[in-house]
Amino acid sequence: MKYLAPFVLALFMWSCSGNSGSGESQDQSAVVSDFLTDVSSFEDFKSKTPIKDFAAMADDASFKSKDLDKDNVMEILSEARAYTHVVIIVEDHTLVRIVELKDCKQSGSWGACMPKAEGYIKKGDLVYQNDYINNIIGRPDDQKRTVYMFK
């Protein structure tokens, strides 16, 4: 019996220390999954660099990511049909989730039918956007645009 108490205490301490690491990754995966199902949940994410931090989490959580540019936009939008959720991040200032691939509007600057999306542009505060992606992510230029695909 006298050996049981230290064993139980050690077991308790080990189990508590193991939960703290997985709790952090659960919180991060929750931020991503919450955004994928309800974009407005992102307003509750507390960070000085929310879009940059989301991009790091999306790198870990997504099935695939690709850089987006004018040359591959048609290929990426076609490939996106195979995924449940698609997110586009522009540098550290724009984060959008494609809402409906079939609801699209032709863009002359992108040379593709750009789908409907919703998300945020960081202009000091996060500013909600709900429009076709070309009107949110801007014209093709040298800014880094990354597409994250989720199953």
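Two strands count as paired if DSSP finds at least two bridges between them, and strands are DSSP runs of E with at least two residues, numbered from the N terminus. The model described here is predicted, so local features need pLDDT of at least 70 and side-chain atom pairs count only at pLDDT 80 or more, while totals for chains, interfaces and linings use all residues. Residues are numbered from 1 along each chain as its sequence is written, and side-chain values use heavy atoms, with hydrogens and water left out.

Strand β6 (residues 145-150) is largely enclosed by the rest of the structure, because six of its six residues are buried (under 20% relative accessible area with a 1.4 Å probe, protein chains only). In a regular strand, side chains alternate between the two faces of the sheet. Arg145, Val147 and Met149 point one way from β6, and Thr146, Tyr148 and Phe150 point the other way.

Attention now turns to the largest pocket. Its lining includes Tyr83, His85, Arg97 and Glu100. Both β2 (85-90) and β3 (94-107) give two or more residues to this lining, and β3 gives the most, with six residues.

How values were computed:
On a 1 Å grid over the protein atoms alone, a cavity is a set of points where a 1.4 Å probe fits but cannot get out, and a pocket is an open set with protein on both sides within 12 Å along at least five of seven lines; lining residues have an atom within 4 Å of a point. Helices (H or I, at least four residues) and strands (E, at least two) are DSSP runs, numbered from the N terminus. Buried means under 20% relative accessible area, exposed over 50%, partly exposed in between (1.4 Å probe, protein chains only).
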